[in-house]
Amino acid sequence: MSKGPSESRYWRPDNDEVSNSEKLLEKAKKSPFIPIGIAGFIAALAIGAYGYRNRDPYMTTSRYLMRLRVISQSMVVGAICVGLGYQIYNEHKDKK
């Protein structure tokens, strides 16, 4: 029994279905801070790992992680403030 091309045993998306990259680009256009936040998270993770590896030998792991937590929380608060400012600016600009 030979199967035709339409009877493949693997699932294939329809031609009108949206790909993941198209979905990501659409979300990035709607809210540009999401890809910026993802890139910032990856950068913070890399910097934190590098800093942990090359930290002062007298700094304990718990002190280093506490310091990293405070820095990451301040970055989140700053990103929220920038995002709110951007949104308020766009709403004010649209009213004029």
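**Reading the model**

Guide: Start with one residue. Phe33 is partly exposed, because its relative accessibility is 33%. Keep in mind that this is a predicted model.

Visitor: Where is Phe33 found?

Guide: Phe33 belongs to helix H2.

Visitor: Which residues does Phe33 contact, leaving aside its neighbours within four places in sequence?

Guide: With those neighbours set aside, Phe33 touches Val82, Gly83 and Tyr86. Take Gly83 as a case. Phe33 and Gly83 are 50 residues apart along the chain, yet their C-alpha atoms are separated by 7.2 Å.

Visitor: What about Pro32 and Pro35? Where are they found?

Guide: Pro32 sits in the loop between helix H1 (20-30) and H2. Pro35 is in helix H2.

Visitor: How do the accessibilities of these prolines read?

Guide: Pro32 has 31% relative accessibility, so Pro32 counts as partly exposed. Pro35, at 35%, also counts as partly exposed.

Visitor: Now the whole chain. How many helices and strands does the protein chain have?

Guide: The protein chain has 3 helices and 0 strands. Read from the N terminus, the elements run α-α-α.

Visitor: What share of the residues counts as buried?

Guide: The protein chain has 96 residues, and 5% of them count as buried.

Visitor: How do I describe two packed helices?

Guide: Two numbers describe such a packing: the angle between the axes and the distance between the axes. Here is the case. Helix H2 (residues 33-53) packs with helix H3 (residues 61-95) at an angle of about 165 degrees, and their axes are 12 Å apart. An angle over 145 degrees counts as roughly antiparallel. H2 is therefore roughly antiparallel to H3.

Visitor: Is the crossing of H2 and H3 left-handed or right-handed?

Guide: H2 and H3 cross in a right-handed way.

Visitor: Which residues in H2 and H3 meet?

Guide: H2 brings Phe33, Ile47, Gly48, Gly51 and Tyr52. H3 meets them with Thr61, Tyr64, Leu68, Val82, Gly83 and Tyr86. By type, the residues of this contact of H2 with H3 are 7 nonpolar, 4 polar and no charged.

Visitor: Next, aromatic rings. How is a pair described?

Guide: Use the distance of the centres and the angle of the planes.

Visitor: How many aromatic pairs does the structure hold?

Guide: The structure holds 1 aromatic pair. Tyr52 and Tyr64 form it, 5.7 Å centre to centre, with 50 degrees between the planes, and the pair is tilted. This pair links distant parts of the chain: Tyr52 is in helix H2 and Tyr64 in helix H3, 12 residues apart.

Visitor: Is Tyr64 buried or exposed?

Guide: Tyr64 counts as buried, because its relative accessibility is 9%. The cut-off for buried is under 20%.

Visitor: What is the relative accessible area of Tyr52?

Guide: Tyr52 has a relative accessible area of 36%, so Tyr52 is partly exposed.

Definitions and conventions. Residues are numbered from 1 along each chain as its sequence is written. This is a predicted model: local features need pLDDT of at least 70, side-chain atom pairs count only at pLDDT 80 or more; totals for chains, interfaces and linings use all residues. Side-chain values use heavy atoms; hydrogens and water are left out. Axes are lines fitted to C-alpha atoms, for helices over the stretch in contact, and angles run from 0 to 180 degrees between N-to-C directions. Helices (H or I, at least four residues) and strands (E, at least two) are DSSP runs, numbered from the N terminus. Angles under 35 degrees count as roughly parallel, over 145 as roughly antiparallel, 65 to 115 as roughly perpendicular and the rest as oblique. A crossing is left-handed if the near helix is turned anticlockwise from the far one by less than a right angle, and right-handed if clockwise. Contact means heavy atoms within 4.5 Å. Ala, Val, Leu, Ile, Met, Phe, Trp, Tyr, Cys and Pro count as nonpolar, Asp, Glu, Lys and Arg as charged, and the others, Gly among them, as polar. Rings of Phe, Tyr and Trp (its six-membered ring) pair if their centres lie within 6.5 Å; planes under 30 degrees apart count as stacked, over 60 as edge-to-face and the rest as tilted. Buried means under 20% relative accessible area, exposed over 50%, partly exposed in between (1.4 Å probe, protein chains only).
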